[in-house]
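Please examine the sequence and the model before reading on.

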Amino acid sequence: MGTELELKLELDPRDAGSVANQALSGGAEQRTRREVSVYYDTAAGKLRKKGYTLRVRSTPEGFTQTLKTAETGAGLFFRGEWEKPVKSIEPYVEALEDTPAAHIATKKLKPFIRAEVDRTIWQRQVNGSLLEFAFDQGALHASGRKAPVLELEIELLDGRPEAAFDAARDLAESLPVKIGVLSKAERGFALADGALSKPTKALPVPVHQAMNVADGFAVIAQSCLKHFRHNEPVILTTRDPAALHQARVAMRRLRSALSLFRPAVADQEFERLREELRWFTGQLGEARNLDVYLGRDLPEELRERLTAQRELAYDNVIEALHSKRFRLLMIAVVRWIALGEWRSSDKASRPLPEFARRRVDRLWHKLIAHENLRSMDDEGRHEVRIEIKKLRYALEFLQALHAGAVGTQKQFLKAVESLQETLGDLNDI
């Protein structure tokens with residue numbers, strides 16, 4: 001088994017020439033080739049459910065079959081992979097015998113996704129490390145649907161992972177690149193399911209009992225970024241209120257994760273990134289408030305005026321999404337999650353379950369210390385609502401740690417959600 005470390009960036013079609021020009025200006029030797037990849041699974045999706053993707057790729061050199069572990073992260077992909085040459089674009093099941101997928105029923109594999117791209121590859125030294133750049137232009141095909149592919153993958157061949165981020169930051173200084181959170185397989189399956197251009201809620205976070213604090217926080221924070229990036233293109237193309245709401249929820253969840261894990265992750269970068277995330281989340285607030293208000297029964301004249309204000313508010317949101325400040329922030333956050341100084345702290349290496357239990361207990365005791373809600377003023381209830389929201393997000397992040405108490409956990413989480421929604425309604429009024 002090999003391990004692939006890869007940073008993925010997505011680009012605007014208008015910037016394709018600029019990426020190629022940057023490669024040429026660096027004096028790098030380029031080679032371009034046509035690649036066709038077909039992704040397979042069983043009809044019931046057994047490989048996906050077990051956390052694997054199976055691909056057969058055709059290049060001018062021949063056919064290669066690759067099994068990869070699925071990745072829950074955002075931007076930076078560390079993936080196990082098992083690769084073998086095969087004779088055709090059809091999957092060769094016998095080649096899976098020495099992989100973790102050997103015992104999954106893969107006798108009846110069917111093609112789900114076809115990716116056709118022109119891949120331009122070049123290598124470059126960055127701060128003493130050797131990186132390979134792969135620029136893909138093409139399309140994904142699945143279930144009769146089509147989606148464009150325009151992405152740049154930066155793979156570490158030799159040296160330090162920080163070099164990949166240095167290269168990404170240099171690109172982001174002049175080009176509107178965005179952190180890519182979906183592999184081609186994930187995008188393809190979302191395309192097949194018809195979910196690629198729809199608002200997306202947060203998915204369950206795959207934490208487990210054997211994790212330490214560092215790995216647990218990384219998975220949680222990356223899931224928040226992934227949740228956000230799922231919804232960002234929907235905002236940009238449709239201004240969908242549900243997509244904006246989910247993007248805002250994703251940012252709030254990320255900030256709650258920082259608060260929950262603060263004793264273990266608060267290094268020199270922590271406060272700066274936290275404040276920058278606060279700035280960006282604030283850019284989404286006015287548009288969200290207008291969406292909520294426009295959902296009420298309003299006089300026509302007022303609705304027309306507020307609808308015009310909403311368009312201006314969404315203009316501001318889109319401007320923030322396209323800003324250099326924001327794209328550099330996203331690269332910095334992904335880098336910090338993966339490689340930050342906080343990872344070397346003693347608390348970061350401790351077992352996740354005990355740390356999580358103490359932090360959730362703290363949130364709970366802080367909440368129940370409040371007096372009767374009926375006697376509170378609006379400001380006091382607003383503070384309680386924020387504390388309940390933090391508790392709810394913490395419970396959702398850590399849900400998989402308590403698989404043996406699903407019933408009790410769901411009952412408690414439902415009560416917390418109900419209280420949050422009630423206080424939210426009061427706040428909206």
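**Strands, helices and salt bridges**

Q: Which residue in β7 stands opposite V126?
A: Strands are DSSP runs (E, at least two residues) numbered from the N terminus, as are helices (H or I, at least four). Strand β6 (residues 110-126) runs antiparallel to β7 and is joined to it by 13 bridges, where pairing requires that DSSP find at least two bridges between two strands. In β7, the residue that stands opposite V126 is S129.

Q: At what pLDDT do side-chain atom pairs count?
A: Residues are numbered from 1 along each chain as its sequence is written, and side-chain values use heavy atoms, with hydrogens and water left out. This is a predicted model, in which totals for chains, interfaces and linings use all residues, local features need pLDDT of at least 70, and side-chain atom pairs count only at pLDDT 80 or more.

Q: Which residue takes a positive phi in the hairpin of β6 and β7?
A: The hairpin of β6 and β7 has two residues between the strands. A positive phi near 50 degrees is found there, and the residue that takes it is N127.

Q: Which residue takes a positive phi in the hairpin of β7 and β8?
A: β7 also pairs with strand β8 (residues 145-158), in the antiparallel sense and over 13 bridges. A142 stands opposite R145 in β8. This hairpin, too, has two residues between its strands. The residue with a positive phi near 50 degrees is S143.

Q: How many of the 14 residues of β7 are buried?
A: Buried means under 20% relative accessible area, exposed means over 50%, and partly exposed lies in between (1.4 Å probe, protein chains only). By this criterion strand β7 (residues 129-142) is mostly covered. Of its 14 residues, the number buried is ten.

Q: Is P148 buried or exposed?
A: P148 is placed in strand β8, and its C-alpha atom is separated by 9.5 Å from that of V117, 31 residues apart along the chain. Leaving aside residues up to four places away in sequence, P148 touches G138, A139 and R187, contact being heavy atoms within 4.5 Å. With a relative accessible area of 62%, P148 is exposed.

Q: Which residues point one way from β3, and which the other way?
A: In a regular strand the side chains alternate between the two faces of the sheet. Strand β3 (residues 52-59) is mostly covered, as eight of its eight residues are buried. From β3, Y52, L54, V56 and S58 point one way, and the residues pointing the other way are T53, R55, R57 and T59.

Q: What is the bridge partner of T59 in β4?
A: On one side of the pairing pattern, strand β2 (residues 31-41) and β3 are antiparallel over five bridges, and Y39 stands opposite R55. Strand β4 (residues 62-69) is joined to β3 by eight bridges and runs antiparallel to it. β3 and β4 form a hairpin with two residues between them, and in β4 the bridge partner of T59 is G62.

Q: How many residues apart are R57 and E35?
A: The side chains of R57 and E35 meet in a salt bridge (3.4 Å, N to O), defined as a side-chain nitrogen of Lys or Arg within 4 Å of a carboxyl oxygen of Asp or Glu. The pair links distant parts of the chain, R57 in strand β3 and E35 in strand β2, and the separation is 22 residues.

Q: Why does R57 count as buried?
A: E35 is buried, with a relative accessible area of 1%. R57 also counts as buried, because its relative accessibility is 12%.

Q: How far apart in sequence are the parts tied together by D136 and R119?
A: The side chains of D136 and R119 meet in a salt bridge of 2.7 Å, N to O. D136 lies in strand β7 and R119 in strand β6, so the parts tied together are separated in sequence by 17 residues.

Q: With which residue does K324 form a salt bridge?
A: The closest N and O atoms of this pair are 3.2 Å apart, and the partner of K324 is E173. K324 lies in helix α11 (residues 324-339) and E173 in helix α3 (residues 162-174), so parts 151 residues apart in sequence are tied together. K324 is partly exposed at 38% relative accessibility, and the residue partly exposed with a relative accessible area of 39% is E173.

Q: How many salt bridges does the structure hold?
A: Salt bridges that share partners join E6, K8, R33, E35, R57, E61, R119, D136, E151, E153 and K184 into one network. The number of salt bridges in the structure is 45.
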